[in-house]
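Biologist: I am new to this structure and would like to learn how to read its features step by step. Could we go through it together?
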Amino acid sequence: YDRGLREYVTEDVDGFRLRAHNSHFDLLRDIAEPLVAEARQQFGERYQVELPGLTIEIFAEREAFSVRSVGLPHVDPHGICFGRVVLSRSPGDGNFNWPMVLWHELAHSYHLELSEERVPIWFTEGLAEYETRKKDPSWTRFHHLNLARRVAHGKLWSIAEMDRAFMTGGHLEIGQAYQAAMLVMEYLDEQYGFETIVEMLQRFADTPRTQRVFEATLERSIEDVDREFEQWLRRKFSPLLRQELVDWMRLHNMLGDEEVEHATSAEGAAYRAMVAAVRGDEERAKLQLKSAQRRGEGEPSVAVMRVLVLDALDEIDDGLEAGDQALRAGIESFDLRYAMSRMAERADRREEAFVHALAATTIAPDELQGWKQLEPRARAVEELGWSRRAATEIFDRNPHDASLARRRLDLFEEFGDYHGAYEVARRWTEVAGLDARAQLARARTAVRRGAFDDATTSWDRAALVSPARRIEIWQIAAEELANAGADDLARTYEQYLDEDEPRPQ
């Protein structure tokens, strides 16, 4: 780590101090400066606080970033904030949306500044998530269905205890906690106004106690606020709560041999059947399933779980018949449709697999797994409109996948959708800003939209990424600009080609 730092440059740039590896310092400065300037302007207005002495450190090696941030070599977040110092991994990693991470961490800087670094982790994480969603809706986490499960089964965290989920939860639970905390911020903004959130940050400077701050600011007990938030969330998730939702957390706990509660004895037997099926104990699974049916014929939770158990046991014909029975009884569920689509696919009943997958996306339109299931099934039955729709939904819900952006770009260009192609190329440069292919794609699509300033920025960045190819890049720029009728800009790049050391001024 110490030896590696010798290859880093630290300089004052426009509005902040930047530390980055010398091989990409100019490019990272070019990418970071406009984003930081925008963040400072927006957050300064929203939080009414200046942020002096901001430093941003970008590390090319994950281990160096990890040592610098937490003192250990193999802890692997994407970014971290220490108030006026923000650290991040390099955009060259290519597996996360770098502007999203930087925007999120810069939001933390303002929260810490205003609260004198005493804001609880859940509050600042939820508020930073809220800020990233305001910046770009595609930067939202999509855990709607799992949060609806928590609401349905009485397992939503209380506001006073939200920190516990961030401190002790597993990976998936923490992901849900981020979105739950963000929804608390949306609720506060909608019900009380954003100035209330700012006031809370200021109050945290005096006491980092969530309960005290909420009660002092809202003049209501934290229990009343909890109830109001859950009611607000139930209204927001009402379409999801109308279906039968499997409690996957309960199953997880049962697989860990924890004691759990069930609403009825029939439901308990159905969940025990699923545990046995997952463990490969077919005989016990079938015995428990028979017990569940005998005790609770017609219970929606038993009907849905029966289909899932038969799916897990690979009893496809019986599983699909059980699913049809549930549907005829008026029971609807994402879990039910997802399992039926999966069984129909294994039985090579392609039309049926497509119908159930499509129904799953209708029931839970924000659930990524549903769209991932639909896309190949739609393609298999030549429902190309739905296949393209599914591909779009998958892309919109996954801001961190460079390969997904590349594939999506090819599809848009094939259909001549240059506006869509530009947005996809922009996403590609967000995830892989140090990839010359991404910058060239963004320049090409920007020219087709007439966004010449953005195109020239992207060509210049491509040349900074790959200096050995810069003459080739200037030639591409000159040709594409000339073809688009931007003759003055084309001549600028032609002049670069005439120089001994061509570079943009």
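What follows is a conversation about helix packing, strand pairing and salt bridges in this model.

Modeller: Please keep in mind from the start that this is a predicted model.

Biologist: How should I read the packing of two helices, and what is the angle between helix α2 and helix α4?

Modeller: Two packed helices are described by the angle between their axes and the distance between the axes. Here helix α2, residues 25-47, packs against helix α4, residues 98-114, at an angle of about 35°, and their axes lie 10 Å apart. The crossing in which α2 passes α4 is right-handed. Among the residues that make the contact are Ile31, Leu35 and Phe43 of α2, together with Trp98, Leu102 and Tyr110 of α4.

Biologist: Turning to strands, which strands pair with β5, and in which sense do they run?

Modeller: Strand β3, residues 55-59, pairs with β5 in the parallel sense over five bridges, whereas strand β4, residues 79-82, runs antiparallel to β5 and is joined to it by four bridges.

Biologist: Why is strand β5 described as largely enclosed by the rest of the structure?

Modeller: Strand β5 covers residues 85-89, and because four of its five residues are buried, it is largely enclosed by the rest of the structure.

Biologist: How many salt bridges does a search of the whole structure find, and which residue forms one with glutamate 315?

Modeller: The search finds 48 salt bridges. Glutamate 315 forms one with lysine 286, where the closest N and O atoms are 3.2 Å apart. This pair links distant parts of the chain, since lysine 286 belongs to helix α15 and glutamate 315 to the loop between α16 and α17, 29 residues apart. Glutamate 315 counts as partly exposed at 23% relative accessibility, and lysine 286 counts as partly exposed at 34%.

Biologist: Is aspartate 435, whose side chain meets that of arginine 437 in a salt bridge, buried or exposed?

Modeller: Aspartate 435 has a relative accessible area of 17%, so it is buried, the cut-off being under 20%. Its partner arginine 437, at 47% relative accessibility, counts as partly exposed, and the N to O distance of their salt bridge is 2.7 Å.

Terms used: Residues numbered from 1 in each chain as written. Predicted model: local features only at pLDDT ≥ 70, side-chain atom pairs only at ≥ 80, totals over all residues. Heavy atoms only, no water. Axes fitted to C-alpha atoms, helices over the stretch in contact; angles between N-to-C directions. Left-handed = near helix turned anticlockwise from the far one by under 90°. Contact = heavy atoms within 4.5 Å. Buried < 20%, exposed > 50% of the residue type's maximum accessible area, 1.4 Å probe, protein only. Pairing = 2+ DSSP bridges. Salt bridge = Lys/Arg side-chain N within 4 Å of Asp/Glu carboxyl O.
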